[in-house]
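Hi,

Here is the structure I promised to pass on to you. Have a look at it first, and then read on for what turned up.

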Amino acid sequence: MKVVHIIIGLEVGGAELMLRRLLQTQRLQGEPPATVVSLTRLGPVGQRLRDDGFEVVALGMRTPLGAPLAWWRLRALLRRLQPDLVQTWMVHADLIGGLAARAAGIRAVVWGVRTTDFSINPRATRAVRWLCARLSATVPHTIVCAAEASRRAHVQAGYDARRMTVIPNGFDVDTWRPDAAAGAVVRAQLGLSSNKPVVGCVGRFHAAKDYANFVAAAGRVAQRHPDCRFLLVGRGVDPANAALCAWIDATGHAGAFVLAGERSDVVVCLSAMDVFVLASRSEGFPNVVGEAMATARPCVVTDVGDAAALVGDTGRVVPARDPQALAAAVCDLLELPADRRQSLGDAARTRVATEFSLARTAERFTALQHAIVDGLRQARPSANAA
């Protein structure tokens, strides 16, 4: 079966990395390699996909004004490739990719939705989502949600609930695993002591990730645990970020923070942490939490999206936008005996391996794709006869 995946771009992000892992796993399970289309630039994930042997096409859209041309090019590409199924990732690709696929005569269209808090989106994105809601009963055959919270939010926004299904993200516990030696190397590289606690956060600098919340909570933790250090990893999370540095300076503990920026070795950065924190104000299904759990890190998460359902009883869950509660939960974990804290991390890894494996997620996507294509093929003769 020939599948084309369409995504707005292939920068480093949760959806982009999930797409790559899904394609790698499906290929290992015997599925033919899919084609990936980025509506914008190739991006680092796109290059990695090419290195993996997948066909990746970048259409070069630079601004929203380029959407009509991107749609035109995409329709022509789909007519040439003639895929059995088109799967789109996130709202802009859902709209442009879905309409291009239907214009190319492709009925097997699967949309992908992830977000839960629309208020943080730009007005243009909210307008695109409104339009997708109006088209959701006619353009996609099925809408895959990465989280139950995403499904609820999109139904409330007007999406056709009859077409929606939930397939949670999965995690490769062979790749995401604890590595104490590599974590020690990262600590040494970043000037972090081997015998002082490290609390970490991973994610791009974006309103949804709420770094202001993390920094405010970290300042409170530092008052109680002055030897604690805070490792921040992600795109835009670096000393050049004036807003972030101002928040850190305001805590009075600027020396306790290490801004590592975007890194390709997130798995070993997680191994360098004693406690992982998700401080977000909005999430769907937060990949980074599952990755931290797979590396046996005990987690403190805000109650957004499906974060609480993912963590279960292996960590701590606090309200969003409440730095005092976040700090208290972090201190709670830091003050546990080391073996008890590690047992929580071990339980987190076991939970991911048994309930959120990447293999299971890939199997569910593959089964859905085949069911859609087979169902449409079987329905076609009776439609023609009618």
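A word on terms before the details: two residues are in contact, or touch, when they have heavy atoms within 4.5 Å of each other. Please also keep in mind that this is a predicted model.

Leaving aside residues up to four places away in sequence, Phe276 touches Gly200, Cys201, Val202, Leu270, Val288, Val289, Ala292, Arg297, Pro298, Cys299 and Val300. Phe276 also belongs to the largest nonpolar core, which has 36 residues, and there Phe276 and Val289 touch the most other members. Helix α11 (residues 287–294) gives this core its largest share, five residues. There is a second, separate core of 33 residues, with Ala218, Val275, Val318 and Ala329 among its members. As a general background, nonpolar side chains in soluble globular proteins tend to be buried together.

Now the overall picture. The protein has 15 helices and 13 strands, and its C-alpha trace spans about 75 × 40 × 40 Å along the principal axes. The accessible surface comes to about 16,100 Å², and carbon and sulfur atoms hold 52% of it. If you look at contacts between residues at least 6 apart in sequence, 71% of them join residues at least 24 apart.

Helix α3 covers residues 67–81, 15 residues in total, and reaches 20 Å from its first C-alpha to its last, close to the expected 21 Å. Which residues of α3 are buried? They are Ala70, Leu74, Arg75, Leu77, Leu78 and Leu81. These residues lie on the same side of α3, because they cover an arc of only 165 degrees around the axis. Pro68, Trp72 and Arg80, on the other side of α3, are exposed. As for what the buried residues of α3 pack against, the partners are β1 (3–7), β2 (35–38), β3 (55–58), β4 (85–89) and α4 (91–103). Just after α3 comes Gln82, with a positive phi of about 50 degrees.

Helix α4 has 13 residues, and its 18 Å from first C-alpha to last is close to the 18 Å expected. Its buried residues are Val91, Ala93, Asp94, Leu95, Ile96, Gly97, Gly98, Ala100 and Ala101. The cover over them includes β1, α3, β4, β5 (109–113) and α5 (123–135). Just after α4, Gly105 takes a positive phi of about 85 degrees.

Finally, some backbone angles to check. Most residues other than glycine have a negative phi. Met90, although not a glycine, has a positive phi of about 80 degrees. Where does Met90 lie? Met90 is in the loop between β4 and α4. Its relative accessibility is 24%, so Met90 counts as partly exposed. Arg321 is another residue other than glycine with a positive phi, near 60 degrees, and lies in the loop between β13 (316–318) and α13 (323–334).

Happy to talk any of this through with you.

Best wishes

Terms used
Residues are numbered from 1 along each chain as its sequence is written. This is a predicted model: local features need pLDDT of at least 70, side-chain atom pairs count only at pLDDT 80 or more; totals for chains, interfaces and linings use all residues. Side-chain values use heavy atoms; hydrogens and water are left out. Helices (H or I, at least four residues) and strands (E, at least two) are DSSP runs, numbered from the N terminus. The expected span of a helix is 1.5 Å times one less than its number of residues. Buried means under 20% relative accessible area, exposed over 50%, partly exposed in between (1.4 Å probe, protein chains only). The arc is that of the directions from the helix axis to the C-beta atoms. Accessible areas come from the Shrake-Rupley method with a 1.4 Å probe; for residues, only the protein chains shown count as cover. A nonpolar core is a set of buried Ala, Val, Leu, Ile, Met, Phe, Trp, Tyr and Cys residues joined through side-chain atoms within 4.5 Å.
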